[in-house]
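Hi,

Here is the model I said I would pass on.

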Amino acid sequence: MTEPQAAASTTYIGKARARIDGPLKVSGAARFTSDHHFPGMLYAVPVGATIAKGAIKAIDTSRARQMPGVRAVLKRGDLGPLSRVTPDFGAGLMVDEPRPPFADDVVRYYGQYVALVVADTFEEAKAAADAVAVAYAAETPNVDPHLVAESTKVVSERGDAAKGYAGAPVTVDARYAISPETHNPIETHATVATWDGDQLTLYETSQGVINHRNVLADMLGLPRDKVRVIAKFIGSGFGSKLWPWPQSPLAAAAAIKLGRPIKLVLSRPMMFHGVGHRPRIEQRVRLGADRDGKLVSLQQDYVNTTSVLDDYEENCGEATPHMYSVPNLRITAGLARRNIGTPTAMRGPGAVPGLFATESAMDELAVKLGIDPVTLHLINEPERDEGLGVPFSSRHLKECLTLGAEKFGWSKRNAEVGAMRRDGVTLGWGMATCSWIAARFDCTVSIELRDDGTVRVASASQDIGTGTYTVMAQMVAESLGIAIERVEVVIGDSGLPRGAISGGSMLTASLVAPIEEAIAAAGRALIAKAVQGADTPFRGINSDTLEFKRGCVARKGGAASAIPFNDVLRALKIASVSGEGAGQGSFGAAQPKVSSHSFGAHFVEVTWQPDILRLRVSRVVSVFDAGRIINPLAARNQIEGAIAMGIGMALFEGTEYDTRSGAPVNANLADYVVATNADVPALDVHFIEYPDFNLNPLGARGVGEIGLAGTAAAITNAIHHATGVRVRELPLKIEQLL
Ligand code: MOS
């Protein structure tokens with residue numbers, strides 16, 4: 001086993017650091033999309049279909065058009081042409097619902113936009129939107145929660161899983177279901193579009209400004225350099241803001257048509273219609289094991305709903321092939337179409353629901369075998385990625401398990417159901433492991449070194465609330481040996497060098513190398529000038545004998561001669577020098593030489609009071625192997641938020657669709673319950689830091705999603721330990737525990 005790399009002494013890397021954008025946010029100075037106002041700006045409110053299947057027969061806009069402040073009521077045929085974009089990740093052209101808004105008169109899901117009202121004020125637009133009369137030929141929608149795959153495919157296979165299962169002395173065969181989860185970032189999706197007759201500028205709630213720019217330019221038939229997407233501050237996204245949704249082209253097309261700035265902000269109920277969700281998922285897991293706990297077969301068959309428009313596959317087998325050592329494995333995927341908007345990635349797509357099923361099944365197997373579940377995991381810990389047939393870049397799940405067990409006090413666990421009590425309540429102790437992919441996206445960064453000692457680092461990436469501004473500043477300050485206050489981070493603008501999306505927990509890892517390269521390039525540019533300038537001590541020196549290190553130009557090997565970049569620039573009477581650095585992505589590589597993932601283990605305690613049917617999550621200890629942690633404060637914040645989301649997933653969150661209208665009936669934050677502070681105990685989060693140098697020079701992976709993976713299973717496993725009830729459908733309904 002390799003030892004954690006002794007970390008070199010650092011000033012900023014690996015040090016807790018409050019958000020550099022924090023003061024802007026708490027003072028209200030940070031402008032989110034909907035905070036943008038422009039002279040002459042109009043407000044747009046979409047009209048959503050009130051059926052989930054059928055056709056629009058007629059739209060009567062006469063009353064709405066006469067209402068106060070109304071400037072336009074737009075429907076099919078009233079906007080300029082909007083083209084369909086074919087989704088293509090590699091080309092930076094991802095879109096979940098490629099059908100352009102108003103493309104035809106067919107209604108495929110409740111809330112599908114059928115018209116757009118534009119008025120002087122939001123209130124006037126809203127009132128007029130309510131007055132648009134739409135006649136439908138309605139059909140009965142299919143929102144049936146019971147899934148039968150319309151087609152299935154094998155997504156991973158090795159050995160003979162059926163034979164292995166048939167011959168196994170101990171087996172588990174269980175079905176798990178997860179209700180549709182709706183993304184509920186605090187900031188709802190919004191677009192503010194301005195058009196000056198030539199240039200379109202979109203203030204957007206976007207996790208990927210470049211992709212958004214590309215899609216909107218292609219949809220609207222505009223050259224890409226005539227479209228600019230700005231997203232300086234984002235009130236989170238969880239995946240729902242990765243790719244454009246129809247509200248954005250609607251706002252843009254309306255701005256172009258009317259020649260006025262348009263603001264379109266979705267209401268909370270609209271968030272449940274057309275900006276994605278994690279679909280309903282049903283999974284069957286079959287495990288076969290020897291009596292000593294060694295897995296001999298694993299089968300996972302999953303089905304998720306998708307829309308009638310698009311194929312969205314929730315990749316529930318993402319973690320399974322590399323999670324356990326098992327010679328025989330088969331994973332199949334299936335889709336079932338429903339009259340519901342197109343699903344999309346939600347925090348930890350695939351792995352999160354997949355691990356709920358496999359880690360529940362592992363717990364069921366542990367109970368059947370009479371083996372402690374931690375031990376069962378240790379028995380089945382693989383030496384290499386048996387799915388890809390390559391070594392792990394760095395896998396320290398065993399240490400996550402042993403450290404977590406120690407911190408939690410797992411050795412005191414009495415395995416008997418309901419046998420543990422404290423202060424008159426029953427305790428349940430459960431655990432689960434987790435994994436999330438680690439990779440990089442293509443990413444470009446520019447650096448400007450200035451004569452006043454400040455540095456500008458820029459990239460068309462975004463900070464969705466995760467701390468990107470701060471970690472970028474940390475990396476630059478560390479590398480240049482300057483105070484972090486001297487770093488200006490400029491992101492969230494498609495006009496900047498092509499950056500990466502804020503997605504897949506991959507942005508930080510994607511930024512490391514290009515930042516280093518951009519700094520090196522700026523240093524080379526500075527040296528090139530320094531050897532020519534009149535007033536520097538480097539004049540006339542062969543530039544090959546100079547180096548740029550820790551923000552200083554120096555003779556190689558001669559630290560004494562080091563001169564800070566700002567002094568060199570001032571001597572040269574040059575305001576600044578710049579450099580650009582590009583990093584190549586590793587995500588989706590056809591034949592990776594190593595398997596790169598983060599790992600972790602959750603240990604959960606629930607308290608159970610059967611007399612008053614009260615179940616609480618009372619304690620969580622989680623340990624992660626997520627590479628080098630650049631900012632422990634920001635990282636813990638990500639993990640804590642994700643665990644809170646896992647508590648919501650296990651106990652509260654589920655979108656319910658009315659079987660007659662197809663409408664999401666709990667489309668608000670009163671009825672769609674997310675975990676609040678009162679539901680979340682103090683969380684004990686630990687990182688074991690093994691830098692993953694296969695990924696980038698700092699060895700940093702990413703921490704945005706892994707905290708959610710495994711959490712729900714750890715909770716339901718604890719519930720089983722407390723109550724004897726196996727919760728196989730999320731969220732828990734308390735009556736299941738009666
Ligand atoms: Mo994440 S689901 O890639 O925002």
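**The strands around β10**

β10 runs parallel to β11, and four bridges join the two. Along that pairing, leucine 200 sits opposite valine 227 of β11. One thing to keep in mind as you read: this is a predicted model.

β10 has another partner in β9 (residues 190-195), and here the pairing is antiparallel, over five bridges. Threonine 191 is the residue facing glutamate 204 of β10. The hairpin of β9 and β10 has four residues between the strands, and glycine 197 in it takes a positive phi near 95 degrees.

How many of the five residues of β10 are buried? Five of the five, covering residues 200-204, so the strand is largely enclosed by the rest of the structure. Leu200, Leu202 and Glu204 point one way from β10, while Thr201 and Tyr203 point the other way, and all are buried.

The partner of β7 is β15 (residues 328-338), which runs antiparallel to β7 and is joined to it by seven bridges. If you want a pair to click on, serine 151 has leucine 335 of β15 as its bridge partner.

Another open sheet has three strands, ordered β4-β2-β6, and its pairing is antiparallel. Its edge strands, β4 (106-107) and β6 (133-138), each pair on one side only. Between β2 (residues 54-60) and β4 there are two bridges, and the strands run antiparallel. Glycine 54 stands across from valine 107 in β4.

As a reminder, strands of a sheet pair through backbone hydrogen bonds, either parallel or antiparallel.

**A helix pair**

Next, have a look at α12 (residues 507-530) and α13 (residues 565-572). Their axes come within 10 Å and cross at roughly 40 degrees, and the crossing is left-handed. On the α12 side the contact is made by Leu526, Lys529 and Ala530, and on the α13 side by Phe565, Val568, Leu569 and Leu572. Sorted by class, that contact has six nonpolar residues, no polar ones and one charged one.

**Glycine 276**

This residue is in the loop between β12 (262-265) and β13 (281-289). Is glycine 276 buried or exposed? It counts as buried, because its relative accessible area is 4% and the cut-off for buried is under 20%. Leaving out residues up to four places away in sequence, glycine 276 touches His183, Trp245, Met271, Thr342, Pro343 and Thr344.

**Cysteines**

A search of the whole structure turns up zero disulfides. Cysteine 316, for one, is in no disulfide, and the nearest cysteine sulfur, that of cysteine 434, is 16 Å away. Cysteine 316 counts as buried, at 1% relative accessibility. Cysteine 552 counts as buried too, at 16% relative accessibility.

Most residues other than glycine have a negative phi, and most peptide bonds are trans. A few spots here go the other way.

- Phenylalanine 238 has a positive phi of about 60 degrees although it is not a glycine. It lies in the loop between β11 (227-230) and α6 (247-258), and at 23% relative accessibility it counts as partly exposed.
- Aspartate 423 has a positive phi as well, near 50 degrees. You will find it in the loop between β16 (420-422) and β17 (425-437); at 75% relative accessibility, aspartate 423 counts as exposed.
- Leucine 730 and proline 731 are joined by a cis peptide bond, with omega about -5 degrees. Proline 731 is in the segment after β28 (729-730).

That's everything for now. Write back with any questions.

Cheers

Terms used: Residues are numbered from 1 along each chain as its sequence is written. This is a predicted model: local features need pLDDT of at least 70, side-chain atom pairs count only at pLDDT 80 or more; totals for chains, interfaces and linings use all residues. Side-chain values use heavy atoms; hydrogens and water are left out. Two strands pair if DSSP finds at least two bridges between them. A disulfide is a pair of cysteine sulfur atoms within 2.5 Å. Buried means under 20% relative accessible area, exposed over 50%, partly exposed in between (1.4 Å probe, protein chains only). Axes are lines fitted to C-alpha atoms, for helices over the stretch in contact, and angles run from 0 to 180 degrees between N-to-C directions. A crossing is left-handed if the near helix is turned anticlockwise from the far one by less than a right angle, and right-handed if clockwise. Contact means heavy atoms within 4.5 Å. Ala, Val, Leu, Ile, Met, Phe, Trp, Tyr, Cys and Pro count as nonpolar, Asp, Glu, Lys and Arg as charged, and the others, Gly among them, as polar.
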